[in-house]
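Student: I have a new structure to look through. Could we go over it together, one topic at a time?

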Amino acid sequence: MKKTKSQREKEPGSELLVLPDGRVMVHNLTPCLAAVLTVLDPADRVMKARASVRPGKNLRS
Amino acid sequence: MRQVLEIPSPPRELTRARLAARRATQSRALLSDCRFCAHDCGVNRLIGERGVCRAGAEARIFSAQMEAADELELIPTYAIAFSGCDLRCAFCVTGRQSWNAAAGRVLETSQVAAMVEQALDEGARTVMILGGEPTIHLPSVLDLVARLPEEARLVWKTNAHGSAIARRLLRGLFDVWVADYKFGNDRCAERLALLPGYQRVVRDNLVWASGETDLIVRHLLMPGHVECCWQPIAAWLGETLPGVKVSLRAEYWPKWHFALHPELVRTVNDTELERARSIAACCKLNLVP
């Protein structure tokens with residue numbers, strides 16, 4: 001079903017750019033998307049670090 | 001008439017929420033002669049006048065979600081993005097929302113505060129306020145901060161083009177500032193972002209922030225701008241703010257009005273990235289992932 005503009009605006013979103021050489025660039029990377037991209041390219045150490053960050057709480061000292 | 005803003009240092013016993021609430025009231029009145037950013041427009045946003053950012057009195061947001069793209073020490077962060085910006089960067093990755101203060105939906109502070117609480121319960125390490133540029137919406141930002149849990153670690157993500165008035169209103173409220181240093185010379189700032197006098201303003205902001213808060217200086221490496229922009233930025237940071245955390249970002253991709261500038265039609269290549277890292281090493285920068 002087609003979504004209205006208002007519905008689309010309320011939904012969080014990410015954007016991907018896949019370059020001809022296979023590199024993938026992301027805007028608004030979410031933790032879930034980081035996990036997906038790590039599966040696609042396990043050698044990407046930066047993405048792996050982002051996917052493996054464990055949630056924490058209340059870091060204010 | 002030019003306003004004189006007296007904002008005393010926060011008493012230690014004042015909670016962040018109360019301090020923010022007090023300043024929200026002060027800053028709301030300042031919308032009648034808006035000088036939150038370095039454009040220093042002086043327009044009365046309360047009666048519909050618009051300055052460079054085109055923002056009115058009401059703040060809007062275009063995104064609020066958990067994100068993992070920022071510096072590792074900050075993620076996962078719950079990022080709340082305000083619509084509108086005082087800069088006009090041709091390469092803006094969120095140009096549609098950042099150049100349009102009317103984009104997104106009206107900020108409902110109590111609703112967003114509830115979303116923040118939920119995100120913290122789900123494991124967000126930090127709460128990031130960004131844009132566009134949040135500085136142009138200071139009264140609403142402060143309203144929101146006044147409703148956030150005292151223990152939440154707050155991150156102020158800014159283009160570092162705020163005024164001294166804005167800095168005084170923000171003092172003591174955010175645990176971390178992530179501040180952009182976009183251009184290494186005024187010529188590139190004027191050409192790519194229609195921004196006069198950039199160096200003086202950004203440097204004033206960075207020096208101030210480094211003395212007030214945990215500061216991360218972020219630079220988005222752009223194709224063809226390693227020598228003219230990154231090199232002088234790195235040199236200045238190394239000399240003026242030794243040891244400051246620096247986040248060198250290489251994920252530029254051609255968006256928005258990039259086609260107006262021939263060098264911006266591609267991503268950063270490996271040679272440029274290597275050269276940028278070499279410059280960082282020469283300047284003994286404290287790069288953070």
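Student: Let me start with a cysteine: is B:C53 buried or exposed?

Tutor: Please keep in mind that this is a predicted model. In this model B:C53 counts as buried, at 8% relative accessibility.

Student: And which cysteine sulfur is closest to the sulfur of B:C53?

Tutor: The closest cysteine sulfur is that of B:C34, at 6.2 Å, which is too far for a bond. A disulfide is a covalent bond between the sulfur atoms of two cysteines.

Student: What about B:C283, and how far is its sulfur from the closest cysteine sulfur?

Tutor: The distance is 6.5 Å, to the sulfur of B:C282, and this is again too far for a bond. B:C283 counts as buried, with 18% relative accessibility.

Student: How many disulfides does a search of the whole structure find?

Tutor: The search finds zero disulfides over all chains.

Student: Changing topic to strands: why is β6 of chain B largely enclosed?

Tutor: Strand β6 of chain B covers residues 176–180, and five of its five residues are buried, so the rest of the structure largely encloses it.

Student: Which residues point one way from β6(B), and which the other way?

Tutor: B:V176, B:V178 and B:D180 point one way, while B:W177 and B:A179 point the other way. Residues of both groups are buried.

Student: Which way do β5(B) and β6(B) run, and how many bridges join them?

Tutor: Strand β5 of chain B, residues 154–158, runs parallel to β6(B), and four bridges join the two. Within this pairing, B:V155 has B:V176 as its bridge partner in β6(B). Between the two strands the chain passes through helix α5 of chain B, residues 164–170, and this β-α-β crossover is right-handed.

Student: And how many bridges pair β6(B) with β7 of chain B?

Tutor: There are five bridges, in the parallel sense, between β6(B) and strand β7 of chain B, which spans residues 214–220. Here B:V176 has B:D214 as its bridge partner in β7(B).

Student: Now the backbone. What kind of peptide bond joins B:I75 and B:P76?

Tutor: A cis peptide bond joins them, with omega about -5 degrees. B:P76 is located in the loop between β1 (60–67) and β2 (77–82) of chain B. A cis peptide bond also joins B:G131 and B:G132, where omega is about 20 degrees. The loop that holds B:G132 lies between β4 (126–130) and α4 (138–145) of chain B.

Student: What is the phi of B:A160?

Tutor: B:A160 has a positive phi of about 60 degrees, although this residue is not a glycine. The residue sits in the loop between β5 and α5 of chain B. B:A160 is buried, with a relative accessible area of 2%.

Student: Where is B:R54, and what is its phi near?

Tutor: B:R54 is in the loop between α1 (16–30) and β1 of chain B. Its phi is near 65 degrees, a positive value in a residue other than glycine.

Student: On to charges: how many salt bridges are found over all chains?

Tutor: A search of the whole structure finds 20 salt bridges over all chains. Side chains of opposite charge can pair when their charged atoms come close.

Student: Which side chain does B:E71 meet in a salt bridge?

Tutor: B:E71 meets B:R218, at 2.9 Å from N to O. B:E71 lies in the loop between β1 and β2 of chain B and B:R218 in strand β7 of chain B, so the pair ties together parts that are 147 residues apart in sequence. Both residues of this pair are buried.

Student: And what does B:R266 pair with?

Tutor: The side chain of B:R266 forms a salt bridge with that of B:E272, at 2.9 Å from N to O. B:R266 counts as partly exposed at 34% relative accessibility, whereas B:E272 counts as buried at 11%. Elsewhere, salt bridges that share partners join B:D70, B:E71, B:R218, B:R249 and B:E251 into one network.

Student: Last, chain A: which residues make a nonpolar surface patch there?

Tutor: A:L16, A:V18 and A:V24 make a nonpolar surface patch of about 260 Å². Of these, A:V18 lies in strand β1 of chain A, residues 15–18, and counts as exposed at 58% relative accessibility.

Note on methods: Residues numbered from 1 in each chain as written. Chains lettered and ligands numbered in written order. Predicted model: local features only at pLDDT ≥ 70, side-chain atom pairs only at ≥ 80, totals over all residues. Heavy atoms only, no water. Buried < 20%, exposed > 50% of the residue type's maximum accessible area, 1.4 Å probe, protein only. Pairing = 2+ DSSP bridges. Right-handed = clockwise from strand over helix to strand, strands pointing away. Disulfide = S-S within 2.5 Å. Patch = residues over 30% accessible without salt bridge, like charges linked within 9 Å, V, L, I, M, F, W, Y side chains within 5 Å. Areas by Shrake-Rupley, 256 points an atom, 1.4 Å probe, with all protein chains shown as cover. Salt bridge = Lys/Arg side-chain N within 4 Å of Asp/Glu carboxyl O.
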